[in-house]
Amino acid sequence: MGWRMQKDVIVETRKLTKIYRDFWGRQKKTALRALNMEIRQGEIFGLLGPNGSGKTTTVKLLLGLLYPTDGEAFVFGRPAADVVKNERVGYLPEESYLYRFLNAEETLDFYGRLFNLPPSRRETKAQELIEIVGLKADRKRPLREYSKGMRQRIGLAQALINDPDLVILDEPTSGLDPLGARWMKDLIRDLKTRGKTIIMCSHRLEDVQDVCDRIAILNEGELQAYGEVQALLQDHRRVELRASDLELSESLRHDLEELLRKHGGKLDTIGHPTTTLEDYFLRIVEESKAHPGRRFLPGKEPAGRTEKVMSGQGNAPADGGSPTGLTERR
Amino acid sequence: MFAVLTFDRDPMQIQDVPMGLLSWIQVAGGWAAAGVLIWLLTGYRRMRAEEKAHISPWLKRAFVLSVVVSVLGYVAAGLGALATLLPKFPPALAYYAIGFGFTAGGVGGLLAAGLPFALGLASVRFRRIWALAKLSFKEAIRNRVLYGFSAMLLVLLFGSWFIPYKPEYQVRSYVGVVYWVMKILLLVTAIILAAFSIPTDIRRQTIHTIVTKPVERFEIVLGRFFGFTALMTLVLILMTSVSVVYVLRGVDPEAAAESLKAREPLYGTLHFENTGSAERGTNVGREWDYRSYITASAPNQEPQAAIWDFPNVPRSLADRDSVRSEFGFDIYRTTKGFENRGVSCKFEFQTANFNPRDKDSYNTDRGRWMGKGNLFSQKDIDEWLEGYRTRLSSASPPSNLNDRLEKKRARLTANKMSGDPPQYRLSETDIDDELAEEYGYFVLPAKDITDYHTQYIDVPAGLFRNAFQVSSTAARPGASGVQARVSVTQQSSTQYVGMAKYDLYLRLDDTKGGHEVAAFTANFYKGAFGLWLRLCLVTGLAVALSTYLSGVISMLVAGILYLGGGVIDYIQSIGLGTAPGGGPMEALFRLANRQVALIPLDEGTAATIATTSDVIFRWFIRRVLDLIPDVDRYDLTTYVGEGFNIPLTHLLLDVGVLGLYLLPWFIAAYYLLKWREIAGPT
C-alpha cells in the first residue's frame, strides 16, 4: 500500500473526509474535511470541538462504524474498517449503550466472549474490572437499574475487558459527578502509566486540560489546532510568577512594578490565586466525610473573598468563621 | 374427507433433486447476477482506489472470471431465445442453448456473489456466534416474551369445549387445532423477535459496542438467527410434548382406529382402462376434479377399471402373513342404491408372474379347495401338488421346481389333525395364500365400498412371495418391471366410485405390531419438525431483511412473503398465465369488451397489446414468485392428523429446500450489513 507507519504511531489519518449523503447520493453535510493527524504510542490525545464539529465522526471513522468518503484512517497499521484491529481497541461510547437486561457480570462475560477470551480469563478479568470501577456491590443488578454514572463505569469496564492497547473514550466524564469525573481522570492517567494510548473526545475543556498530552481542535469538520497542550496553551507574551509566605501589600506591589519595569515588562495583576471549583468541591466533600454531622449554616458564608484579596486586605476571614462558611453542629 | 392423504402436487422425491437443484441454480443465480450487476453499476463505481487496493488479486481474477461466465451464459440464452424465432433453426438446439445459458449465467452469478461471502465465512467464529445467540436468548426471556405462550393454556384447558368432532375424526380435529395454535403463537413471536432485534440494536446503538469488538458483522446475523431459533425450538419441544399428551388423552376408540397410528404407505401409479383416457376416469361434474370416477361397464364393453401399479414392492412384505391394502374412495350416486349398503367393487391383486389366461384355472382351484371345508386328505394334497407341478412344467420348468414343491408340501401338511387316515387343516386364509403364491393372483369379487371411511383388504403375503419368484412360465402383464398391480372394477351402473392416485396404498408397516400409539407420538414430533422448519424460515427471513429494513418493515415483508407462500399455487397460475381470464391487461380488455373469461380473444391490435403487456407482467410475477417460500410443503399436519407416517426423506428434502431458500437471503444479508454504516450522522 506504499504506506509506512512510524513505529510509535498508533493511529494515522490521511486526508480523512466524511460527507454525509442522502438516499439519492446528494451531499448533505461535510462532517469532516481532509483530516491529517497522528496519535502516538502512550499518549493521551484529546479531540476537542463544539457540538457537530466532527470529533465523534472522527472516532466513528477510526472504529469502522462509519466509512470514509475520502482519505484513509489506519489503526495499528490496519485500515480502520478491518475488524481484526479491534482485538487491541477498547471503546467507551458517549452514552454507555449496553444491554439493559444484563447485569454487570453478564455484560463483561458477554463482551469477553466476543474477544474469544477463555472462560477462566473472562471470570477473573470481569471481577477485577468490577472492582476497579467500583460496582462490586451492584454487580448482580440489571443495568436498567443503574444510574448514569454507574452505566458509564460499567461502560468503561467493558472497554477494558480485552486489556486494549488503544482506548477510545467518547465524553468519558459526561454524566459523572465531580467525584466520578476525578476518578475517571485518575483512571485515564493510570492507563497511560501502563503504556496505553488513549483518545478522548470531550467538550469539557478542563478535563482535557487536566489529562491530555496532545490535542486536536476541530470546528465545522476542519482541524483548527493540533499539538501539545502545554505548548498550545503557553502564552509567550506573559510571565507568571508565584510566591509563597508573602503578605500582599502596596509596597510589594510597588517594588515589583519597579523590578518589572527595569526588565522592560509591566505588572498586570497581583493577588491571591483562586483554586478551581473542582478542587474546592472535592475538598468540601472530603472534609464532610471526615466530619460527619457538619452542615452549612446560612449567613455564615464568607462574602467577597476575591474582592478583599484585590483590595489587599489579606485573606483572614472577616467574621472569624470557618473559611468555607461551614460550621460544626453542636 | 377420509383418512387418505390428498396431494394437490405430488410430493417431492429424491429423484426430483437434480432438477430442483438446476432450477435453483437458474433462479438464485439469476438474482445473484442481478445483484452483482447492480453492485457494479453503483457500489463499484463509488469504491475508492484505496479500497480496491485491499482486494486480493486472485479474488479479483475469480470475480472477473465468474462475471464473464455469467455474461456469456446470458448472451447464449438470449441468442437461443432469438433462434426460436427463426423458422429454420432446430428448436431443440435453441432450447438447449436457453437452458444451458441460464444455468451458466446462474453459476457465474452465484460464484461472483458467493466467493467473497464464502471467504467472509472463513473468519466467522462459533464462540462469538454462540455469545450473540445466548444474548438473543436471554434478551427474549428477560423481556418476558415467553409469557405470550401461556395463551396455549387456554386451548389446552378449554379447547375440547369448542373443537367440534365426530368420534372417528377426533384425533384429526385435535391435531389440527393444536398445530394451528402452536403455529400462530410460535411464528408470530419468532417473526417479531427476529425482525426487531437488529434494528433495535442499531437504534439504541447497542450494536456500537459489538461491532467495535473483533466481531464479523455476519456473526451478528447468525447469532440472532441461532439464538431465536434455539429459544423457539425449546418452546416448540415443550408445547409439542404437552400437546401430544393432550391429543392422546381420552381418544375415542373409533378415532384411534382411524388415525391414531402412523401408516407407512406404499403408493403406486394410477391409470384407468376403458374410460376413454388413461389419466382420467368418468367426469361426474364435481368441481374438485382431484378424483376420477369409474362405473360398471355397459353391455358388451370391457369393464372400466382403475389400476394401480406398484413398481417397487420391498422384499420384506413377502415375509409377513398378510399385507394390508388400505383405501378410501369417494362415491357419487345417481340413484339411491341399496339402503345401508355400499357400492360393490371387485379388487384384483396380481403380480408380474400372473398369466391372465390362468384366471379360470385359479377360480376352479379356489372353488375346489374352498369346498373342502378346511380339511384336506393326503390325496387332496397330492392332487394339489401334482396340479401345481403340471402348470409349472408346462412351459419351461424352473430350476428349483422340486425345492418349491417340497416347501409347498411342508406348508400344506403343517397342521396335521389326529385321526386315521390323517387329515390336514387349512384355513381359508391359508388356501388364498397358497393360491396367491401359485398364481400371483388374489381376488376379492365383491367388497362393499362406503365413503368417509378408510377400508382395508388383507392381501395374502403369498402374492408377494410370488412376485419375487423369477418368472418362467407366465407372460408379464402390461408394462415391464411392474411387480404388483391392483385393479378395481365396479358393478353398479348407477353408482360412480371416485379414486385418485393416493387413495389406495399398501401398508409397509406391520399392522400387527401393536406400536401404533408410539408410532403416532413419534410422528407427532415429526409433524412438529415441519413447524420447526417454518420457524427457521421466518426467523431467517426476518433477520436477513432487518439488516437493511427497519423492524416494522422487515416484519411486514417477512409476514407477507410467508402468507404469499400459502397461496403460492394461485400466484403460480398467474405467473404462468394459466389463471382463467389472463393477466390484468387482458382482464381489463375483456371487461371493456364484455367478454367472458373462457372464450379466446378475437385477434386485433388491442388484444395483442393486452396479451403482450401481460407477458411482461407475468415475468415480474414470476420474479416475485422466486422470493416466495413454498410454505405448505412444511405443513405436515395432515400426515399426523390422518395417521400417516411422515417419510424421513420428506423431512430431509424439506431441510434441503429450506436451506437453499434461505442461503441467498443470508448472502444478501451478509453484504447489506457489511456495507451498512452502523452509525448515523449524530
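Here are some notes on this predicted model, taken point by point.

1. Let me start with chain B as a whole. Its secondary structure comes to 23 helices and 15 strands, and the C-alpha trace spans about 110 × 70 × 60 Å along its principal axes. Of the 682 residues in chain B, 37% are buried. If you look at contacts in chain B with a separation of 6 or more, 84% of them join residues 24 or more positions apart.

2. Within chain B, have a look at helix H8 (residues 170-203) and helix H18 (residues 551-566). These two pack at an angle of about 145°, their axes being 8 Å apart, and H8(B) passes H18(B) in a right-handed crossing. On the H8(B) side you will find B:Ile191, B:Ile192, B:Ala195, B:Phe196, B:Pro199 and B:Thr200, which meet B:Gly551, B:Ser554, B:Met555, B:Ala558 and B:Gly559 of H18(B). By residue class, the contact of H8(B) with H18(B) has seven nonpolar and four polar residues, with no charged ones.

3. Turning to chain A, there is an open sheet of six strands with mixed pairing, in the order E6-E7-E8-E3-E9-E10. E6 and strand E10 (222-228) of chain A stand at the edges with a single partner strand each, so one side of each has no neighbour in the sheet. From one strand to the next, the twist averages 15°.

4. Strand E7 (residues 166-170) and strand E8 (residues 197-202) of chain A pair in the parallel sense over five bridges.

5. Now for the interface between the chains, where 30 residues of chain A are in contact with 29 residues of chain B. On the chain A side, the elements giving two or more residues are strand E2 (27-40), helix H1 (55-63), strand E4 (70-75), strand E6 (89-92) and H2. H2(A) gives the most, with four residues. The side of chain A that touches chain B divides into 21 nonpolar, three polar and six charged residues.

6. Finally, one helix pair spans the two chains. Helix H2 (residues 104-114) of chain A packs with helix H6 (residues 126-142) of chain B at an angle of about 150°, with 8 Å between their axes. That angle makes H2(A) roughly antiparallel to H6(B), and H2(A) passes H6(B) in a left-handed crossing. The contact is made by A:Phe110, A:Arg113 and A:Leu114 of H2(A) together with B:Arg127, B:Arg128, B:Ala131 and B:Leu135 of H6(B). These residues divide into four nonpolar and three charged, with no polar ones.

Methods: Residues numbered from 1 in each chain as written. Chains lettered and ligands numbered in written order. Predicted model: local features only at pLDDT ≥ 70, side-chain atom pairs only at ≥ 80, totals over all residues. Axes fitted to C-alpha atoms, helices over the stretch in contact; angles between N-to-C directions. Parallel < 35°, antiparallel > 145°, perpendicular 65-115°, else oblique. Left-handed = near helix turned anticlockwise from the far one by under 90°. Contact = placed C-beta atoms within 7 Å. Nonpolar A, V, L, I, M, F, W, Y, C, P; charged D, E, K, R; others polar. Pairing = 2+ DSSP bridges. Buried ≥ 20, exposed ≤ 12 C-beta atoms within 10 Å, placed from the backbone.
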